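This report sets out what can be said about one protein model from its coordinates. Please keep the sequence and the structure in view while reading.

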Amino acid sequence: MHARAVAATASALLGLVALLLPVPGARADHEAGRPAVIAHRGASALAPENTLAAVDRARRLGFTWVENDVQRTKDGVLVVLHDAGLARTTDVERVFPGRSPWRVRDFTAAEIARLDAGSWFGPRFAGTRVPTLRQYLARLERNRQSLLLEIKNPELYPGIGHQVLRELGRAGWLDRRHLSRLVIQSFHAPTIRTVHRLRPAVRTAVLGSPTIAELRTYARFTDQINPQHLRLTVGYVAAVQRLRGPHGRPVEVCAWTVDRPVDALLAAGYGVDCLITNRPDVVRRALSAFWTSP
């Protein structure tokens with residue numbers, strides 16, 4: 001009885017949100033106006049973030065686009081990890097107890113390969129490793145997935161933008177067939193400007209919420225503006241999408257990190273092009289319910 005009451009309340013709330021939304025036809029035409037869903041750090045509510053297990057789980061759920069984060073080791077290897085430190089998502093404190101503060105840039109790739117990056121999430125993921133970017137790209141290729149790649153903390157890793165492009169090139173991700181499956185983003189706009197200058201064919205994104213006055217400058221080198229969902233307004237999304245990006249198409253808006261059904265519907269109503277979420281299955285169900293309702 002309690003479960004039915006909760007379900008009815010949730011349905012009523014989603015119905016109320018739907019009534020408050022702008023008309024769906026105002027949105028970019030992904031699927032009759034429905035935003036694309038991107039699995040944040042893979043399906044990171046269901047598997048350890050930024051691991052091969054997380055992208056595999058996203059694939060099994062039917063999600064093509066995944067987001068990841070890239071840092072650099074002491075010996076110059078690109079690894080897929082969100083934090084500048086290793087302590088939150090690995091057992092580095094146990095394996096290397098005297099190496100505080102356990103920063104990625106203070107460890108070699110071989111040392112990081114020894115770490116368990118799954119047990120913190122759950123015992124069934126014990127032994128999961130931090131993947132290198134090369135390993136991650138190979139898995140996406142096998143899964144036929146697409147990548148929203150975030151360059152993390154570029155101020156800590158001079159030249160990382162150049163290096164990411166070199167690694168993508170070596171893996172074959174800069175050819176015509178892959179360019180439609182790749183976007184490179186960062187909070188650091190100068191890094192994205194550099195990526196665009198070096199490889200103009202690559203689509204790029206700036207994370208954050210530049211002012212409306214700044215947007216025209218950003219549109220010269222970025223194809224997406226990707227703000228936190230709490231910063232969205234209908235006017236801001238429309239202002240971004242009125243601009244043409246460096247590839248001649250309207251600049252897109254991808255909102256993060258959208259995990260609740262209510263927030264997904266609100267963001268969709270603002271007109272965003274895609275939603276970045278830890279819970280892609282939950283967000284997809286919410287959008288499907290709205291788009292298939294009479």
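## Basis of the description

The model is predicted, so local features need pLDDT of at least 70 and side-chain atom pairs count only at pLDDT 80 or more, while totals for chains, interfaces and linings use all residues. Residues are numbered from 1 along each chain as its sequence is written, and side-chain values use heavy atoms, with hydrogens and water left out.

## Overall make-up

The protein has 12 helices and nine strands, these being DSSP runs numbered from the N terminus (helices H or I, at least four residues; strands E, at least two). Of its 294 residues, 52% are buried, where buried means under 20% relative accessible area, exposed over 50%, and partly exposed in between (1.4 Å probe, protein chains only).

The accessible surface comes to about 13,600 Å², and carbon and sulfur atoms account for 55% of that area; the areas come from the Shrake-Rupley method with a 1.4 Å probe, and for residues only the protein chains shown count as cover. Among contacts (heavy atoms within 4.5 Å) between residues at least 6 apart in sequence, 62% join residues at least 24 apart.

## Nonpolar cores

In soluble globular proteins, nonpolar side chains tend to be buried together. A nonpolar core is here a set of buried Ala, Val, Leu, Ile, Met, Phe, Trp, Tyr and Cys residues joined through side-chain atoms within 4.5 Å. The largest such core has 70 residues, of which L147, L149, V164, L168, I184 and L275 touch the most other members. A second, separate core of nine residues includes V183, A205, C254 and C274.

L147 is placed in strand 4 (residues 146–151) and is buried, with a relative accessible area of 0%. With the same exclusion, the contacts of L149 include N68, V70, L133, V164, L168 and I184.

## Helix 12

Helix 12 (residues 280–291) has 12 residues and reaches 16 Å from its first C-alpha to its last, close to the 16 Å expected at 1.5 Å a residue, the expected span being 1.5 Å times one less than the number of residues. Buried residues in helix 12 include P280, V282, V283, L287, F290 and W291, and also the acidic residue D281.

## Salt bridges

A search of the whole structure finds 14 salt bridges, each defined as a side-chain nitrogen of Lys or Arg within 4 Å of a carboxyl oxygen of Asp or Glu. R41, E49, D69, D83 and R88 are linked in a network of such bridges.

R99 pairs with E111, the closest N and O atoms being 3.2 Å apart. Since R99 lies in the loop between helix 3 (92–95) and helix 4 (109–113) and E111 in helix 4, the pair ties together parts that are 12 residues apart in sequence. R99 is partly exposed at 28%, whereas E111 counts as buried at 19%. E141 forms a salt bridge with R177 at 3.5 Å between the closest N and O atoms; E141 lies in helix 5 (residues 133–143) and R177 in helix 7 (residues 176–179), so this pair joins parts that are 36 residues apart in sequence. In the bridge between R260 and D263 (2.9 Å, N to O), R260 is exposed at 52% and D263 is buried at 13%.

Key: Lists of a residue's contacts leave out its neighbours within four places in sequence.
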